[in-house]
Amino acid sequence: METQFQQEPKVSFFQTTTAKMIMVGILTLVLIIPLALVQELIVERSQRQKEVITETTAKWGNSVYFYGPILKVPYKDPMTGANNYAYFFPEELNNKTEVTMVKPLERSIYKSNVFTTKMQFEGNYTTPNFVSKGIPAENIYWNRAKIMIRTTNLKSLKDEVKMKIGNQNLAFESVANNVNDSIESLETNYFDYKTMESQASFNFTISFNGSKQVKIVPIGKTTDAKMTSNWNSPNFNGNFSPISREITDKGFEANWKVLHFNRPFAQHYFESLPELGKYAFAADFITPVDEYQQNERASKYGFLVVGLTFLIFFLIQSISKINIHIFQYSMIGIALIMFYTLLISITEHSTFSFAYLVAGASVIVLISLYSISILKDKKFPMFIGASLSVLYTFIYVIIQLEDYALLVGSIGLFLILAAVMYFSRKIEWNK
């Protein structure tokens, strides 16, 4: 009696689960190339936006920088006989700045945030002290004193600048810049400082068109500043932070108080005036995260989306014994990459949220319908559609978060890993 042993047919390596997993992994890596090209496209479009905004705002007005008012008194040096200037800062300087965001400037599909600002100043000077320099009284030309303002934005001034100091009214005029820098100057006509009282009070208003930032140097021995605006996402920077701030959906209010011992510069200078811009306080009026930055952040999760989608198809293939060709994986991968080109193109003509919804829904519907023809069943495509919906929603939430993005992302990835481990526990890897 002969016993017959029936041998199982030998399976080719390329038909094993391991080989299929390797091919899917290689395809995932290959798709990094078009994903990188999409990221380059986003950077290119973002750079183009910055160039257009720079050109547009340059005509309206750039960042507003204010350094002044400074009392400028000429004198003759008794040692050299040369004529020089002494520069004195106010004893008290109070400022109220109102910044109003106006309708964005538009060029093609790009918009530039711009504002108008009204800056009110008041304060006083004490009697200038020339004793430390050893200048005799007869060498001081009090009748040729001036008030000086330094700024970077003369061309965007909205009106004449006039100051009342003591009992005199002075008008500012632009003057040639003797220093090789980007700071421009306004000076009053001559006046006799000796006719003032021991404490010469002043007040004036200056208005600018501007963009991006308002920056003020606190040159008063005591500087009190208050800034209000209808912009609801300011960024306070510079050398000093506000002592108080209130930010609401309708705008913000911030207050600064800077004393002379809070800053590393003196109240008067002889011969030359230093540039003190690095000691200024500032408020930025820019979009914290613009639409191109959101697109860039979304594209950084592209590899994760492709990898997890392929993993879902691979698990379905392994569990259900349905064969999915590598070409079909390629079509699914290309559809996933198309999400990002749709996202950036729609964003440029709408909002990021609307573009994300349209691009995400389009890709999910396309892959779900394609899955019906691949998997020959409606149960798995419905699961795939639901999984992609959860995945894209999860990524959208992470993009919108700032402080908790890492925490939420880590928890989400941990849960995804747990789910993969659970569903893959019964796969026979030796076949």
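Hi everyone, let me start with a definition: helices (H or I, at least four residues) and strands (E, at least two) are DSSP runs, numbered from the N terminus. This is a predicted model, in which local features need pLDDT of at least 70 and side-chain atom pairs count only at pLDDT 80 or more, while totals for chains, interfaces and linings use all residues. Residues are numbered from 1 along each chain as its sequence is written, and side-chain values use heavy atoms, leaving out hydrogens and water.

Let's begin with the backbone. Most residues other than glycine have a negative phi, and most peptide bonds are trans. Lys212, in strand 12 (residues 212-216), is not a glycine, yet has a positive phi of about 75°.

You'll find Glu271 in the loop between strand 17 (268-270) and strand 18 (281-285), and at 43% relative accessible area Glu271 is partly exposed. Then look at Gly68 and Pro69: the peptide bond joining them is cis, with omega near 0°. Pro69 belongs to strand 1 (residues 64-76).

Now the aromatic rings. Rings of Phe, Tyr and Trp (its six-membered ring) pair if their centres lie within 6.5 Å; planes under 30 degrees apart are stacked, over 60 edge-to-face, and the rest tilted. How many aromatic pairs does that rule give? The count is 31. Take Phe115 and Phe285: their ring centres are 5.2 Å apart and their planes are at 50°, so this pair is tilted. Phe115 lies in strand 6 (residues 115-125) and Phe285 in strand 18, so the pair ties together parts 170 residues apart in sequence. Phe115 is buried at 0% relative accessibility, and Phe285 is buried too, at 1%.

Ring pairs also link a cluster, with Tyr75, Trp142 and Phe270 among its members.

Charges come next. A charge sits over a ring if NZ of Lys or CZ of Arg is within 6 Å of the ring centre and within 35 degrees of the ring normal. Arg144 lies over the face of Tyr190, 4.1 Å from the ring centre. Likewise, the charged end of Lys379 sits over the ring of Phe380, 5.1 Å from its centre.

Finally, residues 380-399: this span is 100% helix and 0% strand, with its end C-alpha atoms 29 Å apart.

Key
Buried means under 20% relative accessible area, exposed over 50%, partly exposed in between (1.4 Å probe, protein chains only).
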